[in-house]
Structures are given as structure tokens and as C-alpha cells.
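Please walk me through this structure in plain steps. I would like to see how its parts are built and how they meet.

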Amino acid sequence: MGANIDLIFKIAGIGILVAVATMVLKNSGKEDYGFAVTLTGIAVVLIMVIQMLGTLFDEVKTVFKLF
Amino acid sequence: MDILQISGIALTGAVLAVVLKQKSPPMAVLLSITVGVVIFLMVLGKIGAIVDVLRQLSERADISSIYLGTLLKIIGIAYIADFIAQICRDADQGAFATKVELAAKIMVLVLAVPIVVAVLQALLRLVP
């Protein structure tokens, strides 16, 4: 449970970091790098979220005997 | 007091999602998924306890486990489908949400058909 709450802050941190990095890169005239950074951040977070969603579905499956 | 914990998580998540929404909306959607999953996982243990009680009651009342099993499966499908549909709606994809709900309805109908058939057969047995 604690690890899950940590994940919320982790995702928020990555999001803010990616936003700042994109802004800095945009201001220094490297907009395509900024897009790449955004895409990478979203991919990393998506992997974490999907793993957690998998645990949720497994839990629901065991509780409601959905096989 | 789990409800205080859940309220705290929801409030923190809401503030963080609003901050993220300005700069990168996809990240805000992912954050809202995470908050939803965390709260759901906290509640799921208690749902399991309720389901166990229901199961014991149905055993004591000699109700066939097929009926309760089907009922629980339908509830599980409804929970998951509703969760995903709401996330899709939050992400401004109302069409996906409607499709997930339609799929869930069809799945529920498929599960419910044997029970409907059993009822009809019982009725036919009554008619001479």
C-alpha cells in the first residue's frame, strides 16, 4: 500500500521534471528534443501504471473468482 | 480510519493532477489512473471480506454456488468496466468509454443467459 502511494508522488515528480526539461529545451531552440523527452517520460510512466493496473486486475480476478 | 487516508490520497492526487494538466495532460491522465487504482486496491480487501460473508450465507441457505458465482462475476466485470470507462471519460475520450460499457453489458448478458434459461426451464416444468 505504501509503495502504491509512493507511485503517485513518483509520477507527479516525473511529470514536473519532464515539463521543466521540455520548457528549457524549447527556450534553447531544441523543440524536437523536447518532444522526445516528453515521449520518453510518458512511456516510462505508462509502463509503471500498466504494471500496477495488472496487479489491480489480478486482485479483482481473485476476489470475484473471474477466470 | 482508512477513509481519512483515502481522502488524503484523493486530495493530493487532485492537486498534483491540476498542476500537471497545464504542462502535460497525458501525465495528468496517468496520475488520475494511479490515484484510482491505489484507492481501489485499498477498498478491494474489504470487498473480499463482504464476498466471503455472502458465500458463507449462501452455503448455509443451500443456494447453488453457480448462481452466486455468476453474480460475483457480473459485479467484478461491472467494477472493472466502470473504472476504465471513467478514466476514458476523464481523458476526454467519451467514445471509448461508451464502447467499454457496451462490451461490459454484452459480457454480463453472456454470463446471465444460463440463469435465464434455467428460469425458463423451471417455468416449462410447471406448465403441464
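Start with helix 4 of chain B, residues 94-126. Helices here are DSSP runs of H or I with at least four residues, while strands are runs of E with at least two, and both are numbered from the N terminus. Helix 4 of chain B has 33 residues and reaches 47 Å from its first C-alpha to its last, close to the 48 Å expected at 1.5 Å a residue. That expected span is 1.5 Å times one less than the number of residues. The helix has a kink of about 35° at Ala112(B), shortly before the proline Pro114(B). The bend is the angle between two fitted axes, one for the seven residues ending at a residue and one for the seven starting there.

A word on the source. This is a predicted model, where local features need pLDDT of at least 70, side-chain atom pairs count only at pLDDT 80 or more, and totals for chains, interfaces and linings use all residues. Residues are numbered from 1 along each chain as its sequence is written, chains are lettered from A in the order in which they are written, and side-chain values use heavy atoms, without hydrogens and water.

Now look between the chains. Chain A and chain B bury about 2800 Å², 89% of it on carbon and sulfur atoms. Buried area is the accessible area (1.4 Å probe) that two parts lose on being put together, summed over both. In chain A, Ile8(A), Leu56(A) and Phe64(A) lose the most area to chain B, together 24% of what that side buries. The contact (heavy atoms within 4.5 Å) takes 30 residues from chain A and 33 residues from chain B. How many salt bridges link chain A and chain B? The count is zero.

Salt bridges do occur elsewhere. Each one is a side-chain nitrogen of Lys or Arg within 4 Å of a carboxyl oxygen of Asp or Glu. The structure holds two over all chains. In one salt bridge, the side chains of Asp2(B) and Lys46(B) meet at 3.5 Å, N to O. Asp2(B) lies in helix 1 (residues 2-23) of chain B and Lys46(B) in helix 2 of chain B, so the pair ties together parts 44 residues apart in sequence.

Helix 2 of chain B, residues 25-60, also holds Ile39(B). Leaving out residues up to four places away in sequence, Ile39(B) touches Ile6(B), Ile9(B) and Ala10(B).
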